[in-house]
Amino acid sequence: MHGSRDRELGMCRAITRRDFLNGVALAAGASVLPFHPFAALAAEADPENSPNYYPPALTGLRGSHPGAFEAAHSLRDGAFWEEAGKPIETAEAYDLVVVGGGISGLAAAHFFRQAAGPKARVLIIENHDDFGGHAKRNEFQASHPLLGYGGTFSIESPEPYSAVAKGLIEELGIDVPSYPKYVSKDLYRSFNLQPMIFFDKETSGADRLVVDPQPLISSETGDRWSPGPEDWEKFMAQAPLTDLAKRDLQRLFRDHKDYLPSLSSDQKKARLARMSYVKFLSDLIQVERQIIQLYQAIPQPIFGLGIDAISAQDAWGLGYPGFQGMNLEPAPGRGMNRDAIPNQEAEKYFFHFPDGNASIARLLVRQLIPEAVPGASANDVVLARANYAKLDQEASPVRIRLNSTAVRVKHRGDPAVAKELEIAYARRGKVYTVRAAHCIMACWHVVIPYICQELPAQQKDALSSAAKVPLLYTNVAIRNWTSFQKLGVSSVYAPGGYHAAMTLDLPVSIGGYECPKKPDEPILIHMMKTPCKPGLPARDQHRMGRFELFTTTFETMERNIRDQLARTLGPGGFDPARDITAITVNRWPHGYAYEYNSLWDDFWLNGGETPCEVARKPFARIAIANADAGAYAYTDCAIDQAWRAVGEITKG
Ligand SMILES: Cc1cc2nc3c(=O)[nH]c(=O)nc-3n(C[C@H](O)[C@H](O)[C@H](O)COP(=O)(O)OP(=O)(O)OC[C@H]3O[C@@H](n4cnc5c(N)ncnc54)[C@H](O)[C@@H]3O)c2cc1C
């Protein structure tokens with residue numbers, strides 16, 4: 001049943017989105033053991049072997065999709081083993097089992113084979129229906145194929161890539177310095193499109209799209225936009241802000257005032273590390289509340305938090321305004337790993353594939369199981385169609401078992417002397433066991449204490465503290481982008497919106513893939529939401545946001561997406577009922593690795609062993625990888641931690 005607003009929004013239109021999920025949603029309540037989201041394939045023992053099995057082309061609710069997490073949640077709730085039948089022994093034995101098929105797990109398998117030789121037998125167990133973890137590929141069919149990233153956007157990091165991480169990128173054939181030749185960096189500028197801010201009527205009394213005079217949120221359209229005085233003038237004329245707020249905004253950007261004049265640079269930094277950016281703005285600069293509302297969401301794409309929960313020191317490191325006259329010494333900061341001086345070597349090391357770092361995952365799978373991802377270069381991987389039936393073949397030294405959740409990893413006998421581990425995993429309602437000489441846990445750290453009961457209590461506590469940052473990465477396929485052209489907008493920051501940011505897709509053409517270059521061509525809009533709860537401590541914000549993501553239906557998300565696009569782009573002629581052709585919401589309740597924060601994590605300023613150092617200690621035949629092991633939400637961390645974990649099990 002749809003009301004008139006729903007009809008206007010096109011909620012009843014047949015597009016590629018939630019339809020296939022309905023059957024699954026019904027099945028979800030029926031069993032705590034995992035069911036398969038490919039309802040049509042449910043009768044088959046191994047749906048991955050079907051020629052129709054192709055997860056990147058699925059739309060609707062992706063990311064942590066229904067079917068991926070139920071076994072782990074039941075394990076957490078203590079119900080799993082009561083409901084599970086007796087495990088079935090497979091008689092399979094491996095040199096290494098890797099839990100988690102993200103970049104860390106795939107890289108671990110790769111490094112292990114380099115150390116142990118190509119005949120080493122490796123099994124990778126992954127609970128999702130696709131490999132890559134957060135490095136997720138979304139495909140769409142339009143008049144020509146559209147590729148999108150459902151998670152990891154690009155090769156980039158605030159810190160320079162380590163020799164190991166760089167070495168792997170090169171070994172995969174990715175020529176990072178060649179990136180400029182693939183990106184149409186001035187495409188949107190050539191149509192006079194620029195970043196804008198959407199003021200919503202709930203906060204500001206009227207919906208209004210206004211030029212952003214100083215974009216602070218990363219827009220990811222590829223354009224380097226340098227606003228001029230005329231943009232400030234336009235903003236001042238059009239923004240629904242009070243005169244006082246406008247005056248404060250000018251002060252914030254233009255004043256060169258030292259707000260802590262009696263302190264040295266080090267003392268100021270120590271003070272700023274303990275003060276939120278909101279407090280800095282409200283207490284020291286004393287700006288109007290409207291300015292705080294305006295900038296509340298700017299750090300969300302980086303930290304999954306607003307300015308209430310990041311330190312003023314980190315805000316300085318990120319180049320936010322207000323620090324011009326503070327005379328702070330540029331030096332590596334000790335906030336959320338942010339360097340207060342942008343590291344040029346790190347900044348230059350950037351590469352975006354149309355599917356983001358899913359291309360890295362696919363290249364790693366090609367190294368491990370060549371017949372699964374055909375082709376020979378880092379460019380041709382872009383259009384290569386992965387053959388999922390080849391991932392888990394008995395004859396192959398490396399196997400990737402999707403739709404399988406590791407539920408128990410234990411040594412066979414006393415861990416001090418055991419020669420083997422037994423790994424149990426749940427797959428399609430049954431539990432199976434395999435044996436292995438070693439196991440690398442490359443999965444999310446919060447699940448490890450439930451799986452590896454043998455670990456010391458202190459290590460389990462440290463692992464549990466790594467609860468991740470929740471996010472939505474949404475891709476919306478639209479018929480054309482003429483509304484963007486009419487409005488002169490390339491990206492939108494929406495501080496009060498359901499999604500806080502939306503951008504036209506970064507235009508990259510590579511390996512035969514051509515990005516849309518004309519406004520009358522279909523394109524993807526990328527939207528980002530972090531469900532944080534301003535005012536609470538960071539971890540509580542994440543916990544509540546995670547709950548929100550798990551309990552919001554796809555229908556609600558879709559309605560919010562359509563409504564937001566209609567209100568933002570409607571004045572440019574956008575009609576959601578007509579123009580939206582597909583929606584994929586990548587839901588990541590367990591998204592970015594938690595990064596330490598000087599406001600909430602005392603140890604981060606006080607020194608000493610950090611929780612991730614305790615969490616990643618090897619235990620007998622078990623080593624621990626994943627980006628959580630470095631408390632750093634970047635691809636290079638996932639690779640570096642894989643390297644360390646492999647070193648721990650192969651040394652000696
Ligand atoms: C939305 C998003 C955008 C990002 N953008 C960037 C970016 O632009 N650049 C960048 O460098 N980094 C980015 N990151 C961070 C980067 O993606 C990660 O640091 C990196 O990909 C993590 O890889 P990983 O293998 O450590 O973890 P993951 O990718 O999370 O992989 C771990 C895998 O283990 C699986 N798993 C968990 N429990 C079990 C179990 N019991 N049994 C089996 N499998 C299990 C998980 O489902 C998951 O697939 C982003 C992250 C997110 C979430």
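Helices and strands here are DSSP runs numbered from the N terminus, helices having at least four residues and strands at least two. With that settled, here are some points on this predicted model.

1. Let's start with the ligand shell. Five elements each supply at least two residues to the shell around the ligand: α5 (103–116), β9 (404–411), β12 (469–478), β16 (580–592) and α26 (635–650). In total, 36 residues surround the ligand, and the closest are Asn127, Thr152, Trp444, Ala627 and Thr635. Sorted by class, the shell holds 18 nonpolar, 16 polar and two charged residues.

2. Asn127 places a polar side-chain atom 2.6 Å from a ligand oxygen atom, and Asn626 has a polar side-chain atom 3.1 Å from an oxygen atom of the ligand. Ala627 takes part through its backbone, with an N or O atom 2.8 Å from a ligand oxygen. On its own the ligand has 1,000 Å² of accessible area, and the protein covers 98% of that.

3. The buried residues are Ala358, Ser359, Ile360, Ala361, Arg362, Leu363, Leu364, Val365, Arg366 and Leu368. Their cover includes α5, β3 (122–125), β4 (137–141), α6 (163–171), β8 (398–401) and α26.

4. Most residues other than glycine have a negative phi. Asn327, however, has a positive phi, near 50 degrees, and Asn403 has a positive phi near 55 degrees. Asn327 sits in the loop between α15 (312–317) and α16 (344–348), while Asn403 belongs to the loop between β8 and β9.

5. Are these two asparagines buried or exposed? Asn327 has a relative accessible area of 55%, so it counts as exposed, the cut-off being over 50%. Asn403 is at 7% relative accessibility and therefore counts as buried, which requires under 20%.

6. Finally, a word on confidence. The chain averages a pLDDT of 92, and 92% of the residues score at least 70. Residues 18–43 are a stretch to read with this in mind: pLDDT stays under 50 there, and the model has 49 contacts beyond four places in sequence for these residues.

How values were computed:
Residues are numbered from 1 along each chain as its sequence is written. This is a predicted model: local features need pLDDT of at least 70, side-chain atom pairs count only at pLDDT 80 or more; totals for chains, interfaces and linings use all residues. Side-chain values use heavy atoms; hydrogens and water are left out. A residue is near a molecule or strand if one of its heavy atoms lies within 4 Å of it. A polar contact is a pair of N or O atoms within 3.5 Å; within protein, one must be able to donate a hydrogen and the other to accept it, and residues adjacent in sequence count only if both atoms are side-chain atoms. Accessible areas come from the Shrake-Rupley method with a 1.4 Å probe; for residues, only the protein chains shown count as cover. Ala, Val, Leu, Ile, Met, Phe, Trp, Tyr, Cys and Pro count as nonpolar, Asp, Glu, Lys and Arg as charged, and the others, Gly among them, as polar. pLDDT is the predictor's confidence in each residue, from 0 to 100. Contact means heavy atoms within 4.5 Å. Buried means under 20% relative accessible area, exposed over 50%, partly exposed in between (1.4 Å probe, protein chains only).
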